[in-house]
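Open the model in your viewer and get ready to click through it. We will go from stop to stop, selecting a few residues each time.

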Amino acid sequence: MRSVEIDVARRVARVQAGALWDDVVTRAVPHGLTALHGSSPDVGVAGYALGGGIGWLARRYGMATNSVSAVELVTADGELVRADRDREPDLFWAVRGGGGNFGVVTSIELALLPIRHAYAGWLIWDWQHSTEVLGAWADWAPGASPDATTSIRILQLPPAEFIPEPLRGRNVIAIDGAVLGSEAGAIEALRPLRALKPEMDTFATVPAAALARLHGDPEGPTPVIGETMSWSGLGPDAVDAFVDVFGPASGSPFMLAEIRQLGGALAEPHPTAGANSHFEVPFLSFFGGIPMAPGMVEAIEAHMGRIHDDLAPYAAPRTYLNFAEQAAEAANGYPTGAYARLQRIRAQADPTGLFRSNHEIALA
């Protein structure tokens with residue numbers, strides 16, 4: 001079920017529930033359109049967009065779930081239902097954030113944007129510069145233009161063929177992202193980061209299609225042990241703690257430790273949005289380890305204790321459930337008041353608890 005239909009006049013994509021973002025991007029780009037897609041081309045559209053969705057256009061346009069205009073799903077009583085603003089409005093509100101707790105989604109419709117190009121790429125330093133670079137980025141990020149959406153990562157890259165040769169087997173700190181608008185405005189927006197004199201700088205004007213693979217995540221099934229965390233802020237103490245846990249002297253077995261820049265439209269409630277319309281914290285992390293050798297699983301799981309202990313003073317209570325690969329309290333994944341409404345709607349739509357999503361919304 002990976003069919004994608006593009007309505008160019010309405011700038012809408014109708015996407016079957018098995019589609020990946022690469023399916024949508026490759027169909028939309030020839031028309032000068034793009035979607036609020038994920039940072040990996042093989043992320044599933046339905047799970048991503050109905051859970052939230054934070055990609056390279058997010059600080060300007062917000063979560064992907066806000067772009068969903070209709071959902072078709074099979075409910076617990078076996079009926080195929082179309083939910084939009086006019087039909088089944090409560091169910092339409094609930095699935096945009098509550099995802100698979102309410103039925104089996106078969107297709108979604110989502111708005112597309114007339115974006116052909118962006119100024120995007122990577123800035124890369126040796127990880128010995130982690131504290132300096134992360135500190136500067138943390139100071140820059142909250143006040144940056146909403147046209148800029150970036151992330152920063154400490155990467156311990158294996159000597160594998162899928163890694164680009166200049167980075168193969170190296171440990172680095174890298175900033176990647178995209179800036180919308182004019183090239184001159186983008187260059188000015190990135191000037192404070194380039195002042196740190198990166199070893200490599202690949203930022204340039206690129207076609208919108210290139211954003212789907214900008215992050216460089218492995219494609220295809222990959223065994224990752226992951227954890228997530230929201231940050232209340234990234235002051236000097238938090239920067240030091242992050243580098244202590246993942247940097248040169250940490251002994252970390254994690255291949256990547258990432259912090260994403262939020263704010264902008266992501267922090268603003270959307271007037272017609274569903275259950276998960278915005279994410280008000282300033283920074284969001286994902287930490288991932290790939291067990292490529294014997295003993296790696298145990299080492300990664302042991303190091304998670306340092307994440308929970310050493311970074312806890314800087315954590316915000318809100319959870320981004322799309323990143324949560326460990327057990328998480330579902331109620332913490334939504335804005336204030338939304339979870340109780342989700343419970344009531346689920347009790348009406350699925351009174352026997354037929355559907356069991358990963359982060360289950362308990363029946364009221």
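Start by selecting Ala141, which sits in the loop between helix H5 (130-140) and strand S7 (148-156). Helices (H or I, at least four residues) and strands (E, at least two) are DSSP runs, numbered from the N terminus. This is a predicted model, in which local features need pLDDT of at least 70, side-chain atom pairs count only at pLDDT 80 or more, and totals for chains, interfaces and linings use all residues. Residues are numbered from 1 along each chain as its sequence is written, and side-chain values use heavy atoms, with hydrogens and water left out.

Is Ala141 buried or exposed? Its relative accessibility is 1%, so Ala141 counts as buried. Buried means under 20% relative accessible area, exposed over 50%, and partly exposed in between (1.4 Å probe, protein chains only). Now show Arg59, Gln261 and Phe283: Ala141 is in contact with these, leaving aside its neighbours within four places in sequence. Contact here means heavy atoms within 4.5 Å.

Next, select Leu211. Along with Val71 and Ile108, Leu211 touches the most other members of the largest nonpolar core, which has 73 residues. A nonpolar core is a set of buried Ala, Val, Leu, Ile, Met, Phe, Trp, Tyr and Cys residues joined through side-chain atoms within 4.5 Å. In soluble globular proteins, nonpolar side chains tend to be buried together. Among the residues that Leu211 touches are His37, Trp56 and Val206. Another core, of 42 residues, lies apart from the largest one, and Ala141 from our opening stop is among its members.

Where do they meet? Select Asp90, Leu91, Trp93, Ala94 and Gly98 in H4, then Ala338, Arg341, Leu342, Ile345 and Ala349 in H9.

For the last stops, look at two loops. Arg11, between strand S1 (4-7) and strand S2 (12-16), has a positive phi of about 55° although it is not a glycine. Arg11 counts as partly exposed, at 39% relative accessibility. Finish at Lys197, in the loop between helix H6 (183-194) and strand S9 (200-201). Lys197 is exposed, with a relative accessible area of 70%.
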